Amino acid sequence: MPEAAALPAWDLSDLYPAPDSPELEADFKRAEAASVAFAAAYRGKLATADLPAAIAEYERIHEILGRVGSYSGLLFAGDSTDAVRGKFYQTVSERITAITTSLPYFTLERNRTPHTPAGGRYASWWGGLRVGRTPPRSVGVGTV
């Protein structure tokens, strides 16, 4: 049986140089510190918060974690039979979960917040998230 041709490999160095790189660890630490600070700044205070600032920080946290998660997922997808990559992927997933456990309140409070960001880049996003809420019923709404 002929030997299988070597498959192409992704160059993931634009994300991180290696799974054990200081840059990746620094991003984890930045995301963790930002998540803790975000919870301290906004938990229970979202209704009176500067929403564009809160959303921008929430977005920044998720951008960092998205980069880390994409890197680990692509590395693992490149060779899912490699136990070292599998362990790295699992560890990254667990760390992302641990970091984001302080953030679920944001969604819950957002759904109870009556106001929306005043225009700007987040107004559409915020409104789209709230679409799933059941609007208050008024006379004639939803009747046949």
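Let me start with the largest nonpolar core, which has 30 residues. This is a predicted model, so please keep that in mind throughout. Within that core, Phe28, Phe38, Leu46, Tyr71 and Phe106 touch the most other members. At least two residues of the core come from each of four helices: H1, residues 22-42; H2, 51-78; H3, 83-100; and H4, 104-112. H2 gives the largest share, 10 residues. As general background, nonpolar side chains in soluble globular proteins tend to be buried together.

Take Phe106 as an example. Which residues is Phe106 in contact with, once its neighbours within four places in sequence are left aside? They are Phe38, Leu46, Ile55, Tyr58, Trp125 and Trp126. Phe38 and Leu46 are also among the residues that touch the most other core members.

Now the overall layout. The protein has five helices and zero strands. Read from the N terminus, the order of elements is α-α-α-α-α. There are 144 residues, and 28% of them are buried. The exposed surface comes to about 9400 Å², with carbon and sulfur atoms supplying 59% of it. On contacts, consider pairs of residues at least 6 apart in sequence: 68% of those contacts join residues at least 24 apart.

In general, two packed helices are described by the angle between their axes and the distance between the axes. For H1 and H2 the angle is about 150°, and the axes lie 10 Å apart. An angle over 145 degrees counts as roughly antiparallel, so H1 is roughly antiparallel to H2. The crossing of H1 past H2 is left-handed.

Which residues in H1 and H2 meet? On the H1 side they are Leu24, Asp27, Phe28, Arg30, Ala31, Ala34, Ser35, Phe38 and Tyr42. On the H2 side they are Ala53, Ala54, Glu57, Tyr58, Arg60, Ile61, Ile64, Leu65, Arg67, Val68 and Tyr71.

Is Ala33 buried, exposed or partly exposed? The relative accessible area of Ala33 is 48%. Buried would need under 20% and exposed over 50%, so Ala33 is partly exposed. Along the chain, Ala33 and Ile99 are 66 residues apart. In the model, their C-alpha atoms are separated by 8.8 Å.

Definitions and conventions
Residues are numbered from 1 along each chain as its sequence is written. This is a predicted model: local features need pLDDT of at least 70, side-chain atom pairs count only at pLDDT 80 or more; totals for chains, interfaces and linings use all residues. Side-chain values use heavy atoms; hydrogens and water are left out. A nonpolar core is a set of buried Ala, Val, Leu, Ile, Met, Phe, Trp, Tyr and Cys residues joined through side-chain atoms within 4.5 Å. Buried means under 20% relative accessible area, exposed over 50%, partly exposed in between (1.4 Å probe, protein chains only). Contact means heavy atoms within 4.5 Å. Accessible areas come from the Shrake-Rupley method with a 1.4 Å probe; for residues, only the protein chains shown count as cover. Axes are lines fitted to C-alpha atoms, for helices over the stretch in contact, and angles run from 0 to 180 degrees between N-to-C directions. Angles under 35 degrees count as roughly parallel, over 145 as roughly antiparallel, 65 to 115 as roughly perpendicular and the rest as oblique. A crossing is left-handed if the near helix is turned anticlockwise from the far one by less than a right angle, and right-handed if clockwise.
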